[in-house]
Amino acid sequence: MTAGFDFQGATFDLESPTDRALIQFILSQALYGEATGVYCGKSLYAARSLEAARFYVRQARQELNHLELFADIFRTLEMEPVEAHWVVRVLSAHNNYYPLKVVMEHALGEGMVLDIFQDVLLQTLPDSDPRVPDIKKKLAVVCREEEEHVAWGEKETKRVLSEQPWLRHPFYGLLLLQLMLAPFIVRAFEARAAAHPVLRHVKGFLAHVEARVRLQGRKLGFVPEPEPSRAVRWLCMASGLLLLIRSQFARSKSRLEHIYLRELGFTR
Ligand SMILES: [Fe+2]
Ligand SMILES: [Fe+2]
């Protein structure tokens with residue numbers, strides 16, 4: 001991961017009702033995201049190696065643990081979760097096509113989740129509040145495990161792209177679409193942004209996330225450098241959308257029962 005965004009010491013005030021509503025909003029998105037962690041069960045079903053199967057079993061256990069850790073954080077702060085934002089629901093939507101799951105859920109999706117946990121929550125919850133140190137300990141555990149999930153997603157994305165290089169065009173298009181959607185999450189706060197110590201940085205934070213995601217895609221080999229023309233970008237987005245639509249009708253296929261002998265080191 002690249003260096004995180006610097007909120008320059010700005011923190012929320014856990015006694016202020018407006019700030020509590022903002023934290024409640026952020027934590028509610030996190031809680032929903034962790035609930036969608038069960039989608040890695042489908043990745044387990046489609047696992048193409050014993051190593052992948054082992055990873056997804058471990059991940060499933062960790063995601064359920066994260067879900068409960070966030071529930072604990074809500075209870076510690078005496079807050080109730082609210083519904084997830086529509087953009088978060090769209091960005092974390094499930095699909096059955098394994099290559100898309102790998103890039104959208106594991107590499108890009110969990111990468112952005114980590115941005116929120118590591119950059120926003122760990123920096124902007126005020127250490128002056130006696131409840132916060134314990135919350136940050138929990139968040140640090142979550143961040144460490146999310147880093148592993150992203151690393152796995154990146155490794156699998158590289159493998160998928162080496163087997164199916166044509167996927168880099170729709171993957172690039174989907175990354176662009178994700179980046180177009182992300183700013184909608186903060187639309188509701190924009191009017192108040194200038195006057196708030198943390199919200200003031202939201203625009204800068206979004207730009208940081210965008211740059212980090214583009215760099216991640218470049219390192220994975222599906223974001224071209226320099227940026228292609230607008231026409232090519234639209235074509236990639238169209239192919240990404242087509243792949244996304246097709247994936248809604250894809251049937252998840254299991255592989256381990258075909259490869260288990262080889263994977264276990266038997267000769268046949
Ligand atoms: Fe998680
Ligand atoms: Fe995760």
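I call a residue buried if 20 or more other C-beta atoms lie within 10 Å of its own, exposed if 12 or fewer, and partly exposed in between, with C-beta atoms placed from the backbone. Helices here are DSSP runs of H or I, at least four residues, numbered from the N terminus, and strands are E runs of at least two.

I note that this is a predicted model, where local features need pLDDT of at least 70, side-chain atom pairs count only at pLDDT 80 or more, and totals for chains, interfaces and linings use all residues. Residues are numbered from 1 along each chain as its sequence is written, and chains are lettered from A and ligands numbered from 1 in the order in which they are written.

I checked α10 (residues 256-263) first. Zero of its eight residues are buried, so α10 lies largely in the open. After α10 I found Gly265 with a positive phi, near 90°.

Next, the whole chain. I get ten helices and zero strands. Of the 268 residues, 33% count as buried. The C-alpha trace spans about 65 × 45 × 30 Å along its principal axes.

Then I looked at a helix pair. α1 (residues 17-35) packs on α3 (residues 50-76) at about 155°, axes 8 Å apart; the axes are lines fitted to C-alpha atoms over the stretch in contact, and angles run from 0 to 180 degrees between N-to-C directions. α1 and α3 are therefore roughly antiparallel (over 145 degrees; under 35 is roughly parallel, 65 to 115 roughly perpendicular, the rest oblique).
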